[in-house]
Structure formats: C-alpha cells, structure tokens
Amino acid sequence: MDKAQQDALKKAAGIEAAKLVTDGMIAGLGTGSTVRFLVDELGRRVKEEGLQFTGVTTSRRTQEQAEGYGIKIVDIDDVDHIDVTIDGADEVDKNFNGIKGGGAALLWEKIVATNSNQIVWIVDESKVVDTIGKFPLPVEVIPFGAGHVIKKFEDKGYKPVLRLDAEGKPVRTDENNYVVDLHLERIDHPQDLAEDLITTVGVVEHGLFLNMVDKVIVGDPNGPRVMTNGNK
Ligand code: 5RP
C-alpha cells in the first residue's frame, strides 16, 4: 500500500468516527495523522452543521488544530467525565491489545483514555496484526538517569533506541520527557512486559494499551469496518 492509499483509508476511518461525536458531548481527541482527518471532519461539522461539543486533547498539536477550527478545548481536570475518546494506534491485534505512541503522545493518550467512558481507535488496515511488536514499542522516560534505564533495557534484550528529532536531539514529549523505542519484533506476553516496564524506576508510561479499546474503526478498501471488543 502506498502512502496515498494509506491516507485515503485513514481519512475514511476518521470521517466515520466523527459521526460518534454529537451535540453536548465531551470528546477526547487523540494524536497523529489519522486523528488529523478526524479533527478536519469535526471542524467541518462545527462550521457547516453547527455541531457543538467540548474537546479534551491528548497533545498540544491536536489542541492547536482543533482550536483553529473553533472547537472548544478544555483541560482534562475541568471535566468530570469524557464521553468518548477517538485516537489512532500503531498496531492492534484480535485481542484488542495495541501499541501507541508513534507520535510521542502516549502518556496523555493513556491518561485521557483511562478517564473515558468509551475508547475508539481509528486505523488503516495495515495496523491490524496477528502479534503486536513489529512496531517499536514507545516508552516515555524521565531524562534524569535515562542512560541507566536504557542500559537496563539493553541488558534485558529489549533493543532500546532513544528517539531523536531531525536535528539529532532527543525528542521531548508534551511533559518534556524522552521516548525510548523498544525494537522487540514481537511481543508474546504483553501483560508481563507491561508490568516489567511500569515498575522500572524512571519509566513514566509505556505504549502498551492492553484490552482498553472498545471499538476499532478500520479503514478498509471496501469501506470502514468496525471491530467491537466483547471482552471489556
Ligand atoms: C501518537 C499515537 C498515534 O495515535 C499513533 O502513532 C498512530 O499515528 P498515525 O495515525 O499517524 O498512524 O499513538 O502518540
């Protein structure tokens, strides 16, 4: 699949998911190129249909885009609930275990997700996999002592790589932390790995989102299809 085809599938999934946002809702808005299409569509509906909703965003990038459309964005602590959060994902398997954080927003994404009544992911079909882990697993790490955390990951065979920007400097998250990508190739025991990562001092959060999502809208050449999680 080339990039244009992939973008068309992402856009179709984003437009489909935008239908889930209705007047008066509080909606969590994720991060990434697929979510950009979602926010474009929500912005169109605000302008052309008078849709009124409040958004909570998972990154400053999404906040800027949404506010550019006149969408009202509030701080997560200014709402007592979030009706639905729509976000992208890097990989998802048939057990609804996924990897997120390709866009370095995993920490806010997980905080928003865990405070949402419903979680929906929008992906193109290439993200649906048998076993997660081919996509390098992002881990958000405090800069102080990050070298030691990376060494511990190396010793465990996790193949960590500190994420750098185009200028060769460490990428900083919205919380000013580093991202370390683990090149694991496959993750057969995601629960065990999640437990190991989150109990490593210096790790703030990891990109394993295990059985959290309620519904995945998959951009498919035949039209968007929905995978519903019956085990939540
Ligand atoms: C950002 C994310 C994104 O949702 C994920 O990387 C998917 O991005 P895209 O829609 O650009 O493929 O987790 O931290």
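Guide: In this predicted model, domain 1 and domain 2 bury about 1,100 Å² between them. Carbon and sulfur atoms give 62% of that area. On the domain 1 side, Ala104, Leu106 and Leu107 lose the most area to domain 2. Together they make up 46% of what that side buries.

Now the bounds. The domain assignment gives domain 1 as 3–128 + 211–221. Domain 2 is given as 137–205. The C-alpha centres of the two domains lie 24 Å apart. Across the boundary, 14 residues of domain 1 are in contact with 13 residues of domain 2.

Next, the polar side of the interface. Five residue pairs are in polar contact between the domains, both residues at pLDDT 80 or more. Strand S6 (97–99) and H4 are the elements that give two or more residues to the side of domain 1 that touches domain 2. H4 supplies the largest share of that side, four residues. The count of salt bridges between domain 1 and domain 2 is one. Lys110 and Glu205 meet through their side chains in a salt bridge, at 3.0 Å from N to O.

Look again at Ala104. This residue sits in the loop between S6 and H4. Its phi is positive, about 65 degrees, although Ala104 is not a glycine. Ala104 counts as buried because its relative accessible area is 10%, under the 20% cut-off.

Stay with H4, which spans residues 106–114. Glu109 has its place in this helix. UniProt lists Glu109 under "active site", in an unreviewed entry. Glu109 is at 3% relative accessibility, so it counts as buried. Leaving aside residues up to four places away in sequence, Glu109 touches Thr31, Thr58, Asp87, Lys100, Gly101 and Phe209.

One more backbone detail, this time at Asn176. Asn176 also has a positive phi without being a glycine, near 70 degrees. Asn176 is found in the loop between strand S9 (160–162) and strand S10 (178–182). With a relative accessible area of 46%, Asn176 is partly exposed. Ala104, by contrast, is buried.

Methods: Residues numbered from 1 in each chain as written. Heavy atoms only, no water. UniProt positions renumbered as here; feature names shortened; annotations may be inferred. Buried < 20%, exposed > 50% of the residue type's maximum accessible area, 1.4 Å probe, protein only. Contact = heavy atoms within 4.5 Å. Domains from an automatic or database assignment. Buried area = accessible area lost by both parts, 1.4 Å probe. Salt bridge = Lys/Arg side-chain N within 4 Å of Asp/Glu carboxyl O. Polar contact = N/O pair within 3.5 Å; in protein donor to acceptor, adjacent residues only side chain to side chain.
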